Amino acid sequence: MKIQRVSSETIQAPGAFARRLPPEILERATDGLGWVSLISAASSITLALIHQLQPEFATAWQHPALRLAILSVLLLSLGFMVVQRSGLLSKQRLLDLGMVFQVVVAFACALCEGSAYQDSNAVVIGHSRIALWMMVCGRLMPNAPLKATIASIFCVLMWPLGYWADLQLYGYQPMPFARMLAWILPLAIVAVWMYFLNKRVITLCLQQQRAEDMGSYTLTDRIGRGGMGEVWRARHKTLARDAAIKVIRPEILQSSTVRQEQLLLKRFEREAQVTASLRSPHTVALYDFGQAKDGSFYYVMELLEGIDLQTLVERFGPMEPARVADILRQISQSLEEAHRAGLVHRDIKPRNILIGKLGLQYDFAKVLDFGLVKMSRLDDPERTATTMDGGATGTPAYLSPEVALGSQDIDGRADLYSLGCTAYFLLTGKMVFDAPSPTAYAIAHVQSPPMPIRERSDLPVPYGLEAIVMQLLEKDPADRIQSAQLLERRLRALDLNAWSPERAEQWWETHLPNLAKVAKSNEETAPTQEMQYTHA
């Protein structure tokens, strides 16, 4: 499936990529570096044979400096081939080193050519091999226009530098300035054209990206951004509803080594598979997963119109207990299904829970972002390095003690602890612990007892609800509520004034009327359309 990006943040003028290539071109350039290295190695061997067989080069070939230059290029070419295949460097770093490689080979070419012109008045026939080398690199190893221009300028300068080195090595008389220009001017012309060539390659790539719709999703606006991915509002050519598409952020892949990139992609694929396997209405629904033609990995999920709990509390303050209990019951349904499947979310927090309107129901909760999901079954074949981090993975303010200690054998009760931290925040507007650093948070979760909710809340909190939340915050998993299903039952048994659908609708129309109106409008025009997803 092809993802078409039409947002101004994504489809930009080529000048926007003066220093950094789009991912699809970066992929092509790093692959081309292998071919450039192969061509350079073969050319080095050819030049060595030419210098040995042709009489006009025989004298120059006797000098060890020339032999050393050709041998260095050969070894450097072979080294680049090895590094390119090893995956030890990021693609961007590899391409940056390719610029240096391009300049070094140009210097070797200049050294070889300058060594043959003992007569300063000799007629210049043909052009420098550097021009051909620049065109080969530009075709097989395109770079960002600014970087390509810098590399081309240095390649041009290598000819006078190489010729000057030959003068020092062989004691030749310098050629007239006009004859020097006969060598350098064509190289300068090629350098100018290489700038436009690289710019044209980027333009054609982006135009193709715009043009290829072919029944695919079209990205319109970025609506969220997380640590690894971006979430975009998307529109399908043939479907009546919009969707949200999460893609791995290009700069994440560009700054990673090939091995790290493979791990990230496998983790991203795992997140998509896990989310697709869950059917609870309170888990964000996933429609599709794949790799776009530009190399981006993505998955398509329902588009939600709502607000995450972190933003809601920051804007409107602590929530009333009946509403908190209702939201906790919904989250429990999502977690229970995941836990029964042997999955631990590991990043339950207010930012990863969104409430909005679904159908006729307001305050409908959705659990988001299964990017840190982990298998809790030791014998599960999918329990691999993509999910076993061997450390405290998650958000410091909401880590369970066992996760903070880096325990490998965690289960769904770790999510229940994080849910307890979330409930504490919803009721008080404050986190369970205030700490200056992630390490301090981890120590607090392991050692410090939480203050009772009543001592930190400005609103009256029923004793039964407080007891449930405080039990979720027990340090020892065995002392907590043992399952999300049991948590839901205990919440239902509370004697609270129910958070009714009428009260929920009234709250939304009072506090977030724009979202409520959009949801109603969507319902009237497209009955199957979900709400806008506003979180990465």
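Guide: Start with helix H10, residues 309–316, which lies across strands S7 and S9. Helix H10 runs at about 90 degrees to S7. Contact here means heavy atoms within 4.5 Å. Axes are lines fitted to C-alpha atoms, for helices over the stretch in contact, and angles run from 0 to 180 degrees between N-to-C directions. Helices (H or I, at least four residues) and strands (E, at least two) are DSSP runs, numbered from the N terminus.

The model is predicted: local features need pLDDT of at least 70, side-chain atom pairs count only at pLDDT 80 or more, and totals for chains, interfaces and linings use all residues. Residues are numbered from 1 along each chain as its sequence is written, and side-chain values use heavy atoms, with hydrogens and water left out.

Helix H17, residues 501–511, lies across S7, S9 and S10. Its direction is about 85 degrees to S10.

Now the sheet itself. It is open, has three strands in the order S7-S9-S10, and pairs in the antiparallel sense. The edges are S7 (306–308) and S10 (361–367), each pairing on one side only. From one strand to the next, the twist averages 25 degrees. Two strands pair if DSSP finds at least two bridges between them. S9 (residues 353–358) and S10 are joined antiparallel over five bridges. Across that pairing, Ile355 stands opposite Ala365 in S10. Strands of a sheet pair through backbone hydrogen bonds, either parallel or antiparallel.

Next, the charged pairs. The structure holds 14 salt bridges. Each is a side-chain nitrogen of Lys or Arg within 4 Å of a carboxyl oxygen of Asp or Glu. One of the 14 joins Glu302 to Lys366, with the closest N and O atoms 2.7 Å apart. Glu302 sits in the loop between strand S6 (297–301) and S7, and Lys366 in strand S10, so the pair ties together parts 64 residues apart in sequence. Glu302 is buried, at 3% relative accessible area. Lys366 is buried too, at 4%. Buried means under 20% relative accessible area, exposed over 50%, and partly exposed in between (1.4 Å probe, protein chains only).

Asp308 forms another salt bridge, with Arg351; the closest N and O atoms are 3.5 Å apart. Asp308 is in strand S7 and Arg351 in the loop between strand S8 (343–344) and S9, so these linked parts of the chain are 43 residues apart. Asp308 is buried at 5% relative accessibility, whereas Arg351 is partly exposed at 30%.

Glu320 is partly exposed, with a relative accessible area of 32%. Arg503 is partly exposed as well, at 29%.

Last, the cysteines. A disulfide is a pair of cysteine sulfur atoms within 2.5 Å. By that rule the count is zero. Cys137 is in no disulfide, and its nearest cysteine sulfur, that of Cys155, is 6.8 Å away. Cys155 is in no disulfide either; its nearest cysteine sulfur is that of Cys137. Cys137 is buried, at 2% relative accessible area. Cys155 is buried, at 0%.
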